[in-house]
Amino acid sequence: MVIPANEIDLAQYLEHSLLHPAATYEQVKECCQVAEQFNFPAVCLYPTAMRTARDFLKQRSIQLCCVVGFPAGAHTIGTKLYEAQEAVENGATELDLMLNLALLKMGDSEKLYQEVAQIVEMTKVPIKAILETALLTDTEKRLAAEVCLDAGASYLKTSTGWFGGATTADVKLLYGITKGKIGIKAAGGIKTADQAIALIQAGANRLGTSRSLSIIQERERQSDDEAW
């Protein structure tokens, strides 16, 4: 059932992301401050920002998400596992894991499964597996989704944003495959409130974007206009 647009509280879906490679610790704190102000469910940051964000957020309910193997995913399993474990030790409560797309392209579903399953098992935190849908065929998207579902991932994430963004078509495809068994995080190129709402209506229950503040402000203006 599609959620009516006027019943969607966008703040409940937005993971406020700061994944610019030159982001400073002050910008990390500002990112966390915005997430706290609007009660976003999570912030999404690089490994080097974990301790700064952890110390700022402390015991607040906002989840601290760290990217792993980002953005290419072309790391060994051992490297990703170390990065994931270190991120958790430094405060991460969720991990966005970039898959090894070469394994997927070669059809090596067993090694892909092991990559995800080992990190799920060793870290004990929710794993969002990044598919990078812009680089995959629908058949490859389906295989990736099925492998990640079997390996214990908590979410499928559409994109890093480096090679293309989220589309409603991809969200619908992933939702159709998983049938609500795990979450779907749409990410990459989400800039407007209408776009965010469309992705939620397609089946996404998290949205990763650096434009969270402007999206919320745009939605508030829309609500004011509707009230008039």
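What is the relative accessible area of Arg-60, and does that make Arg-60 buried, partly exposed or exposed?

Modeller: Arg-60 has a relative accessible area of 35%, so it is partly exposed. Buried here means under 20% relative accessible area and exposed over 50%, with partly exposed in between (1.4 Å probe, protein chains only). Before going further, note that this is a predicted model, in which local features need pLDDT of at least 70 and side-chain atom pairs count only at pLDDT 80 or more, while totals for chains, interfaces and linings use all residues. Residues are numbered from 1 along each chain as its sequence is written, and side-chain values use heavy atoms, with hydrogens and water left out.

Arg-60 forms a salt bridge with Glu-36, with 2.4 Å between the closest N and O atoms. The pair ties together parts that are 24 residues apart in sequence, because Arg-60 lies in the loop between helix 2 (50-57) and strand 3 (63-68), and Glu-36 in helix 1 (residues 25-38). A salt bridge is a side-chain nitrogen of Lys or Arg within 4 Å of a carboxyl oxygen of Asp or Glu. Helices (H or I, at least four residues) and strands (E, at least two) are DSSP runs, numbered from the N terminus. Glu-36 is also partly exposed, at 33% relative accessible area.

Arg-60 has a second contact: it lies over the face of Phe-56, at 5.7 Å from the ring centre. A charge sits over a ring if NZ of Lys or CZ of Arg is within 6 Å of the ring centre and within 35 degrees of the ring normal. Elsewhere, the charged end of Lys-128 sits over the ring of Tyr-155, 5.8 Å from its centre.

A search of the whole structure finds 16 salt bridges. In one of them, the side chains of Lys-80 and Glu-115 meet at 3.1 Å, N to O. Lys-80 lies in helix 3 (residues 77-89) and Glu-115 in helix 5 (residues 109-123), so this pair ties together parts that are 35 residues apart in sequence. Lys-80 and Glu-115 are both buried.

Another bridge joins Asp-96 to Lys-185, whose closest N and O atoms are 2.6 Å apart. Since Asp-96 lies in strand 4 (residues 94-98) and Lys-185 in strand 7 (residues 183-187), the pair ties together parts that are 89 residues apart in sequence. Asp-96 is buried, at 0% relative accessible area, and Lys-185 counts as buried at 0%. Asp-96 and Lys-185 belong to a network of salt bridges that also links Glu-15, Glu-94, Lys-128, Lys-157 and Arg-206.

Next come the aromatic rings. A pair of aromatic rings is described by the distance of the centres and the angle of the planes. Rings of Phe, Tyr and Trp (its six-membered ring) pair if their centres lie within 6.5 Å; planes under 30 degrees apart count as stacked, over 60 as edge-to-face and the rest as tilted. By this rule there are three aromatic pairs. The rings of Phe-38 and Phe-40 are stacked, because their centres are 5.7 Å apart and their planes at 15 degrees. Phe-38 and Phe-40 are both buried. For Tyr-46 and Phe-70 the centres are 5.8 Å apart and the planes at 75 degrees, so that pair is edge-to-face. Tyr-46 lies in the loop between strand 2 (42-45) and helix 2, and Phe-70 in the loop between strand 3 and helix 3, so the pair ties together parts that are 24 residues apart in sequence. Both residues, Tyr-46 and Phe-70, are buried.

Ring pairs link Tyr-46 and Phe-70 with Trp-162 into a cluster. Trp-162 lies in the loop between strand 6 (155-157) and helix 7 (168-178) and is partly exposed, with a relative accessible area of 46%.

As for the whole, the protein chain has nine helices and eight strands. Of its 228 residues, 52% count as buried. The C-alpha atoms fill a box of roughly 55 × 40 × 25 Å, taken along the principal axes.
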